[in-house]
Amino acid sequence: MEQLLQQIEVYRREIEAYNTNGADGAEQFRITYLGSKGIVKSLMGEMKQVPAEKKKEFGQILNDFKQFTEDRYNSLKENAADDKQVAASAIDLSLPGDEIPVGSRHPISMMRNRIVSIFQRLGFSVAEGPEIEDDWHNFTALNLPEHHPARDMQDTFYISTNPAWLLRTHTSNIQIREMEKGKLPLRIVCPGRVYRNETISARSHCFFHQVEGLYIDENVSFADLKQTLYFFVKEMYGDDVKVRFRPSYFPFTEPSAEMDISCLLCKGAGCNVCKYTGWLEILGCGMVHPKVLEHCNIDSEKYTGFAFGMGVERPALLKYGINDIRLFSENDVRFLKQFTGIV
Ligand code: PHE
């Protein structure tokens, strides 16, 4: 009997220290101590070995032990249920979900996509290139050698630790890079951000966006250039808009022209947006200069091509009725979220 009492004492300590959590832990406890082959049952079985005069006392001790074990089991069960509830409440499916802000496309991206998609329908594919460029791809290959006066109009930012690198002034660098690959014919549009060392105001910034285009093949003529751009204007601004070409000068095209459309606001009557001319200048264009083709190892006797380039900011200002170019880059959400849903 002494031995049995000692044994019970050991079990008590074991039970007190029992700390396996969760429903599984409680069930394991039940099987070990209270199950049909458990410890309480087997101690009951020892009853028959206890001398008759001690049976009452032992019975009392055993009952206490059983009660103690059952209490412990109940508290383990309760803890397990609490844990389960906490776990369940962590994923309360009846709660309304957290709102994920969707954002909206930037008006410059929307305008760029619009321009690009019109040319894509004509079979142009999109080409991209680096914003940090070397002198060759931004200037020299485009027939703008060092000290050429036309470089003045495209002053830019140089990397001070290595002045051989600069921030591109137009996306024409992409056209050079694509021509250098040597795969012809070539029909590409080149969207991207460009930089110029200019005073920042409501009308100009030190960086802006362009979409330029290039088509090189045998027998490409100025008529192809005009037809392509007429189509573009019609798709972009509608049938009523008038178009005119003015002779111009770019070192990389010959002949060169600037294309104007009749003012979208005053329809040609004259207003402060078109500076009372009735016309808005929207792009520069021309036939690719033979020297540029030669710089890219293209036979200028066999191949000809046209190129054009336009800014994205100006049409976006006009379309969305914005009067300050700086708003595009201030990242003010109150400004940007107004364009949700406008394609
Ligand atoms: N690269 C010229 C610019 O940024 C635009 C242009 C491109 C003009 C192609 C003619 C032909 O000013």
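The centres of domain 1 and domain 2, taken over C-alpha atoms, are 85 Å apart. Domain 1 covers residues 2–89 and domain 2 covers 107–339 of the protein chain; these bounds come from an automatic or database domain assignment. This is a predicted model, in which local features need pLDDT of at least 70 and side-chain atom pairs count only at pLDDT 80 or more, while totals for chains, interfaces and linings use all residues. Residues are numbered from 1 along each chain as its sequence is written, and side-chain values use heavy atoms, with hydrogens and water left out.

**Sheet**

- Seven strands form an open sheet with mixed pairing, in the order S1-S4-S5-S9-S8-S7-S6.
- Strands (E, at least two residues) and helices (H or I, at least four) are DSSP runs, numbered from the N terminus, and two strands pair if DSSP finds at least two bridges between them.
- S1 (125–126) and S6 (243–250) are the edge strands; each has a single partner strand, so one side of each lacks a neighbour in the sheet.
- Eight bridges join S5 and S9 in the antiparallel sense, and Asp217 has Thr304 in S9 as its bridge partner.

**Helices on the sheet**

- Helix H7 (residues 172–180) lies across S4 (186–195), S5 and S9, and runs at about 140° to S4.
- Helix H8 packs on the sheet and touches S6, S7, S8 and S9, with its direction at about 150° to that of S8.
- Contact means heavy atoms within 4.5 Å; axes are lines fitted to C-alpha atoms, for helices over the stretch in contact, and angles run from 0 to 180 degrees between N-to-C directions.

**Nonpolar cores**

- A nonpolar core is a set of buried Ala, Val, Leu, Ile, Met, Phe, Trp, Tyr and Cys residues joined through side-chain atoms within 4.5 Å.
- Buried means under 20% relative accessible area, exposed over 50%, and partly exposed in between (1.4 Å probe, protein chains only).
- The largest core has 44 residues, among which Ile115, Phe119 and Phe308 touch the most other members.
- Helix H5 (107–121) is among the elements that give two or more residues to this core, and its seven residues are the largest share.
- Not counting residues up to four places away in sequence, the residues that Phe308 touches include Phe119, Val211, Leu229 and Leu283.

**Cysteines**

- The structure holds zero disulfides, a disulfide being a pair of cysteine sulfur atoms within 2.5 Å.
- For Cys266, the nearest cysteine sulfur is that of Cys263, 3.6 Å away.
- Cys266 counts as buried, at 16% relative accessibility.
- For Cys271, the nearest cysteine sulfur is that of Cys266, 3.7 Å away.
- Cys271 is buried, with a relative accessible area of 15%.
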